[in-house]
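Please read this briefing alongside the sequence and the structure shown below.

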Amino acid sequence: MCTSLRTLPLLCVVLAALCQSTVQLRLWDRLTESQEVTHDVLTSPRYKYKTKTFDVRVDHFSFAIQDTFKLRYLVNDTWAEADNAPIFFYTGNEGRIEVFAENTGFMWEIAPQFGALVVFAEHRYYGESLPYGNRSFADSQHLGYLTTQQALADYVDLIQYLRSQPKYKRSPTIVFGGSYGGMLSAWIRMKYPHIIQGAIAASAPILQFSGFVDCEAFSRIATSDFRASNPTCAQLIRKSWSTITNVTSNDEGKKWLSDSWKFCEPLKTTEHVQALKDILSEIYINLAMVNYPYNNNFLMPLPGYPISVFCRHLTNASLTGKPLLSALYQAISVYTNYTGKASCFSTKTADMELDSKTWEYQACTEMVLPICADGINDMFEPVEWNLTDYNNTCFKKYSVSSKPYLICEEYGCKNFSNVTNINFSNGLLDPWSSGGVLRNLSSSAVAILIPDAAHHLDLRESNRNDPYSVTLARKFHKYSIRKWIEEHQ
């Protein structure tokens, strides 16, 4: 594999062994006793779907707990006219499922071509799919059923329920997912190949775990996005960390920064200053993730190529002290207040669309993704990765101990020779490509590298500003999906 992500070719795919023998899949006959509830039809500016709920077990792997809850999903059967129509199934990730339905236009665009049933399933403990309602987050006993294994079992039960209807009895199921949802799509195909016929796993960092990826690689990729826009921009961001520390070292400085940056909550303590630094790091990472070539509001309302717009405010290498922080505020406002409607700058969270609180619990249990920075090869304030400290912080907050190796034990992080029918696509502008699959695992589990793309851009709806490499990746996705469907039939 190439040592530098920037040197990789335009689109790396291997089309070997295209004519593979059809695998005879046995049907899994375990169906949870379930009840389906249909709600009103919701109409977005672009997409239409019905919101339904489906009863699933809180614990799929024990007979001790018999509790069930209602898992929400969105469905559109407009194009599924023929019997055994393909099921296009989005494996929902960390947020309300409507967010992902609105930002996965690729599925909606190709569904008419394939005559597919479109389904977006919500992840347990997110949105309205709460196993114990308002008590779901009360303690570890209620929250402990938030695992990837349980979530995948939810999706399998829902797919099997859909297939229990005569019209979809032999329907092939193709799963789609981006980011954590892409990880789930890959894992559900690996774990349940007799249920899932193929997976489009976009920006899925399934290797971003201890012992498999350099923890600093993520920060280097994010930095390269800012440096590519303007080298001075990354230099000034690196300089700003010590400047913030120096300016806020006294009460006058804290007040100046609070007033100058129009904070909703004024800085009063060193903890407040650290929270500000944390939110700035999160903003820089989010800008790198959603550095799309057109206006979007996936995380926040943003202009096209937001990093370029951001860096226009950071071109004077001689800036220091308060003038540097004033310029940085103008740059930050591209993310925090692009519409001009915000009256103040909140340091609470940088992504308004996703449920970061629930994700923190997952990150403390099994989704332990090591990320660090050295402040030399990247633009971030130096942060070491220390598993012991990380685990102690998690235990204080949630009374649980991290299991950093559980994911690799459950799904594997090496020896993928038996993995088939997965497209692993990664945009090389995306920091999460550091943990992505960047080389082919088998003749039908292929790596698609998209140098001009950020976070799962290939799953978004087509846009006239899309780079050609993204268009090419989507064409390959469609080719693969058609092949997987034909093999199943």
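Across the whole structure, which is a predicted model, a search finds 16 salt bridges.

**Salt bridges**

- Glu 128 and Arg 96 form a salt bridge in which the closest N and O atoms are 3.5 Å apart. This pair links distant parts of the chain, since Glu 128 belongs to the loop between strand E5 (117–121) and helix H3 (140–143), while Arg 96 belongs to the loop between strand E4 (87–91) and helix H1 (97–102), 32 residues apart.
- Both of these residues are partly exposed, Glu 128 with a relative accessible area of 47% and Arg 96 with one of 37%.
- Another salt bridge brings together the side chains of Glu 381 and Lys 277, at 3.0 Å from N to O. Because Glu 381 sits in the loop between helix H12 (356–365) and helix H13 (387–398) and Lys 277 sits in helix H9 (residues 270–289), the pair ties together parts that are 104 residues apart in sequence.
- Within that pair, Glu 381 is partly exposed at a relative accessible area of 25%, whereas Lys 277 is buried at 6%.
- The side chains of Glu 360 and Lys 397 also meet in a salt bridge, with 2.6 Å from N to O. Glu 360 lies in helix H12 and Lys 397 in helix H13, so this contact ties together parts that are 37 residues apart in sequence.
- Here Glu 360 is partly exposed, with a relative accessible area of 34%, and Lys 397 counts as exposed at 51% relative accessibility.
- Salt bridges that share partners also join Arg 72, Arg 96, Glu 98, Glu 122 and Glu 128 into one network.

**Disulfides**

- Cys 215 and Cys 372 form a disulfide with their sulfur atoms 2.0 Å apart, and with 80° about the S-S bond this link is right-handed. The two cysteines come from distant parts of the chain, Cys 215 from the loop between strand E7 (198–202) and helix H6 (217–229) and Cys 372 from the loop between H12 and H13, 157 residues apart.
- Cys 215 counts as buried at 16% relative accessibility, and Cys 372 likewise counts as buried, at 11%.
- Cys 264 and Cys 344 form a disulfide with a distance of 2.0 Å between their sulfur atoms; the torsion about the S-S bond is about 95°, so this disulfide is right-handed. Cys 264 is in the loop between helix H8 (251–260) and H9, and Cys 344 is in the loop between helix H11 (321–336) and H12, 80 residues apart.
- Cys 264 is partly exposed, with a relative accessible area of 30%, and Cys 344 counts as partly exposed at 34% relative accessibility.
- A disulfide also joins Cys 408 to Cys 413, with 2.0 Å from S to S, and this link is left-handed, with -75° about the S-S bond. Cys 408 counts as buried at 17% relative accessibility, as does Cys 413 at 6%.
- When the bonded cysteines of the chain are numbered in sequence order, the pairing reads 1-7, 2-4, 3-5, 6-8, 9-10.

**A pair of strands**

- Strand E2 (residues 48–57) is mostly covered, as eight of its 10 residues are buried.
- E2 pairs with strand E3 (residues 68–76) in the antiparallel sense over eight bridges, and Thr 51 stands opposite Leu 74 in E3.

Technical notes:
Residues are numbered from 1 along each chain as its sequence is written. This is a predicted model: local features need pLDDT of at least 70, side-chain atom pairs count only at pLDDT 80 or more; totals for chains, interfaces and linings use all residues. Side-chain values use heavy atoms; hydrogens and water are left out. Buried means under 20% relative accessible area, exposed over 50%, partly exposed in between (1.4 Å probe, protein chains only). Helices (H or I, at least four residues) and strands (E, at least two) are DSSP runs, numbered from the N terminus. Two strands pair if DSSP finds at least two bridges between them. A salt bridge is a side-chain nitrogen of Lys or Arg within 4 Å of a carboxyl oxygen of Asp or Glu. A disulfide is a pair of cysteine sulfur atoms within 2.5 Å.
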